[in-house]
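Visitor: I am new to this structure and would like to be taken through it. Please show it first, and then I will ask my questions.

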2 protein chains.
Amino acid sequence: MYKNMILSADLSKHVGEVVEIRGWLHTVRVVSANLAFLIMRDKCGLAQVVFEDADEIKKLEGCLLGTVLSAKGTVAEMQKGKFRFELQRASVNIIRKVVYPSPIDISKDEIHADGETLLENKVVALRHPRQMKIFKLAAIVEKNMRKFFDENGFTQINSPKIIGFPTEGGAEVFEIDYFGRKAYLAQSPQFYKQIMVPIFERVYEIGRAYRAEKSNTSRHLSEILMLDMEMGFIDSFDDVIEMTERFANFVVEQTWAEAEDLLLALGATKPLLVEHYPRISVDALHELMFKETGEDYRHERDLAPGEEKFICEYAAKHWNSDFVVVDGFPRSDAKFYHHQNQENPEVADRADLLFRGVEIVTLTQREVNYQRLVDQITAQGQNPEHPGLKHYLDAFKYGMPDEGGFGLGVARFVQKLIGLENIKEAELFPRDMQRVTP
Amino acid sequence: MYKNMILSADLSKHVGEVVEIRGWLHTVRVVSANLAFLIMRDKCGLAQVVFEDADEIKKLEGCLLGTVLSAKGTVAEMQKGKFRFELQRASVNIIRKVVYPSPIDISKDEIHADGETLLENKVVALRHPRQMKIFKLAAIVEKNMRKFFDENGFTQINSPKIIGFPTEGGAEVFEIDYFGRKAYLAQSPQFYKQIMVPIFERVYEIGRAYRAEKSNTSRHLSEILMLDMEMGFIDSFDDVIEMTERFANFVVEQTWAEAEDLLLALGATKPLLVEHYPRISVDALHELMFKETGEDYRHERDLAPGEEKFICEYAAKHWNSDFVVVDGFPRSDAKFYHHQNQENPEVADRADLLFRGVEIVTLTQREVNYQRLVDQITAQGQNPEHPGLKHYLDAFKYGMPDEGGFGLGVARFVQKLIGLENIKEAELFPRDMQRVTP
């Protein structure tokens with residue numbers, strides 16, 4: 001248990017001392033019978049170990065990538081080369097010899113394998129130092145998301161993912177055989193987080209959500225990690241926007257402060273941040289897009305993907321911000337639980353937060369008046385007496401303050417923070433239409 | 001957004017000042033046209049508000065439990081009564097009037113309703129101050145569990161809950177219709193956490209696990225929150241036990257330091273803690289049980305529920321510890337991934353941590369030798385070539401250090417910490433054979 005051993009990241013503290021590190025064989029280069037260079041991997045990254053003893057070098061014979069070993073040697077600080085510190089005059093202890101050639105080569109800076117081969121061999125691919133860094137960073141991002149909410153009076157909840165009815169309608173839910181009857185996997189904790197507002201006022205949850213959409217794109221996963229928050233006693237929708245701005249700025253700042261090395265190694269660039277994000281309505285964005293590019297979406301009700309990209313680039317260039325808020329979505333497209341804007345009844349109190357070309361958060365104020373909710377459900381052709389809606393409606397029937405919140409896909413946030421091409425790169429073991437393994 | 005308002009818990013800081021608090025109507029007692037007492041609830045608990053103005057009292061007419069309101073008044077410190085501080089000479093603003101009588105009465109110290117009525121009306125029941133405290137505490141416990149692992153070099157992971165094959169065998173898994181083919185809900189992240197050891201060395205996960213067992217007891221849920229940890233480079237099984245002891249002591253100590261008021265209000269008593277928990281083998285426990293009670297389990301291979309209860313009471317009384325470790329489980333009952341004890345081949349390197357009468361954690365060292373694992377899988381009648389095992393086995397084929405870990409049901413830990421009778425009391429919206437709503 002790390003007894004009498006150190007991690008590779010701590011070599012700098014032991015220059016001139018004899019220390020032992022343990023990890024996995026990454027590469028071996030035997031120069032001569034009396035000189036060999038071993039690159040070892042541990043949880044912190046790579047370390048170089050130099051052997052100058054024929055007997056020690058012999059022990060490495062036939063040990064393939066992944067062999068578990070410990071190496072003991074004298075720490076030296078290097079003036080040049082890839083490694084600032086190395087172990088010299090080393091001896092080795094082979095803990096567990098690997099004799100099977102690795103199905104993919106993870107010893108180079110990049111893994112040269114196509115997407116499917118990578119996914120099929122994810123168990124090994126994850127051992128690549130870059131992969132390790134991605135998920136180390138993802139853990140830090142998630143921790144900082146929690147930290148923000150813990151520090152701002154939110155209580156964490158855990159809502160069930162097995163639900164009796166597909167509460168938001170929609171056919172895109174997975175069906176379960178639940179003790180002989182049908183149940184479903186939750187698409188989002190939306191109803192549960194709202195139900196919890198009259199208990200904790202402010203709640204958040206980080207948990208799984210399931211999307212059975214038959215789409216197979218670089219933006220889509222069937223099982224995602226969602227961050228959801230909901231806050232009561234808001235004065236207006238602006239409170240939700242303000243909390244979202246504070247949240248995103250906090251997570252970016254904290255993660256950069258804590259893991260700049262990791263981010264730089266991954267090639268990430270720090271997002272441009274301002275206290276209050278630039279805000280533009282759907283209509284104004286259509287106009288701006290037309291004026292700047294000639295592309296005309298002025299009769300569209302929603303944003304085109306090209307517009308999301310455009311406005312993010314525009315915001316970075318002209319408004320010094322990598323985040324931009326788009327509001328003014330038409331009320332007729334809103335869900336029954338969206339609140340109607342008081343000044344402009346055609347519009348819902350909904351906004352999207354865009355980041356580096358895509359929507360990452362949807363924020364809304366909710367309709368909290370019991371009777372209006374019942375009416376809106378009825379108007380959308382659903383039955384408010386339906387058992388999948390009854391408990392939800394009870395939360396309003398028995399007293400709900402003004403409230404709103406947001407939902408965010410954690411992997412997409414991580415993807416955009418680092419600058420990964422495909423969302424699947426930000427999920428340990430992604431699930432899509434084709435793949436449920438490993 | 002709490003602008004110009006304070007929380008009920010902060011009344012003590014504003015004695016003599018006029019402040020505004022907002023929340024839910026809990027009870028109203030109108031003494032006369034000019035005197036009424038309102039108990040309000042907010043996220044912090046209950047507060048008393050005194051009205052001495054007929055017009056203000058009139059506003060409360062017809063407002064039922066749950067009505068959302070704000071009250072403004074002068075903070076006074078009280079010498080006697082249930083509330084140490086109250087709002088006097090108050091005015092009220094009815095934010096959202098509730099006119100439907102509550103399906104269950106949550107205004108008393110205890111809710112007088114049977115279990116099913118409570119579950120059916122959980123949306124309202126959770127607003128009861130005691131319910132609120134349970135889940136506030138659960139959030140603190142979960143946060144401290146994360147804190148322990150973050151501070152001890154563990155990396156948090158998120159493994160998928162939709163899996164292609166029921167990896168640990170067993171018929172007790174839920175089946176999903178996954179784009180027209182069968183998939184399953186994971187019973188535990190066991191395989192994934194092991195797979196991640198050669199990447200992060202130490203990992204943990206807090207996530208959902210699914211148990212389709214057809215049992216309907218006070219100990220059973222179909223959807224549970226599991227804490228799983230796994231640690232590599234252990235010297236022996238003792239390292240896993242030591243980490244478990246440190247973990248449990250940390251979570252208890254931190255939670256008590258942070259939330260003693262909450263725990264006392266819930267009637268919890270602080271567990272007896274020692275640095276190293278008393279440890280007894282299954283055989284020695286059978287002997288002790290026989291000697292002390294005359295009940296003879298000496299030919300049983302596992303513990304009887306009565307023995308779990310007995311040894312916990314014995315440990316508290318004689319060894320000053322509410323935690324006790326039972327080891328020496330027979331290897332023949334072990335799972336294929338359990339490690340064989342080197343000194344006693346009849347025994348597996350597995351232990352259970354018992355707490356207040358029940359097992360709360362199962363700890364094991366794992367078999368990490370690829371060939372032995374393949375042999376053990378074969379010996380148990382399974383096929384190591386099965387696609388549900390292939391990726392798991394790859395983790396060992398390509399290099400795994402000695403490792404072990406544990407799994408713990410978070411709700412059961414919370415249940416025992418507080419002293420709740422039924423595990424369902426520690427789950428927000430429990431799932432069992434009968435119930436998938438709310």
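Visitor: How many of the 9 residues of helix α12 (residues 410–418) of chain B are buried?

Guide: This is a predicted model, in which local features need pLDDT of at least 70, side-chain atom pairs count only at pLDDT 80 or more, and totals for chains, interfaces and linings use all residues. Residues are numbered from 1 along each chain as its sequence is written, chains are lettered from A and ligands numbered from 1 in the order in which they are written, and side-chain values use heavy atoms, with hydrogens and water left out. Buried means under 20% relative accessible area, exposed over 50%, and partly exposed in between (1.4 Å probe, protein chains only). Helix α12 of chain B is largely enclosed by the rest of the structure, because the number of its residues that are buried is 9 of the 9.

Visitor: Which residue follows α12(B), with a positive phi?

Guide: Helices (H or I, at least four residues) and strands (E, at least two) are DSSP runs, numbered from the N terminus. The buried residues of α12(B) include B:L417 and B:I418. After the helix comes a residue with a positive phi near 100 degrees, B:G419.

Visitor: What covers the buried residues of α11(B)?

Guide: In helix α11 (residues 387–397) of chain B, 8 of the 11 residues are buried, so this helix is largely enclosed by the rest of the structure. Among the buried ones are B:L389, B:Y392 and B:F396. The cover includes, from chain B, α5 (190–195), α6 (197–200), α10 (370–379) and β16 (403–409), and from chain A, α2 (115–120) and α3 (122–125).

Visitor: Is B:P384 buried or exposed?

Guide: B:P384 is found in the loop between α10 and α11 of chain B. Contact means heavy atoms within 4.5 Å, and beyond its neighbours within four places in sequence B:P384 is in contact with B:V374, B:I377, B:T378, B:L389, B:K390 and B:L393. Its relative accessible area is 16%, so B:P384 is buried.

Visitor: How are α10(A) and α11(A) oriented to each other?

Guide: Axes are lines fitted to C-alpha atoms, for helices over the stretch in contact, and angles run from 0 to 180 degrees between N-to-C directions. The two helices pack at an angle of about 150 degrees, with their axes 9 Å apart. Angles under 35 degrees count as roughly parallel, over 145 as roughly antiparallel, 65 to 115 as roughly perpendicular and the rest as oblique. α10(A) and α11(A) are therefore roughly antiparallel.

Visitor: Which residues in α11(A) meet those in α10(A)?

Guide: From α10(A) come A:Y370, A:L373, A:V374 and A:I377.

Visitor: What distance separates the centres of domain 1 and domain 2 of chain A?

Guide: Domain bounds come from an automatic or database domain assignment. For chain A this gives domain 1 (5–96) and domain 2 (129–426). Taken over C-alpha atoms, their centres are separated by 47 Å.
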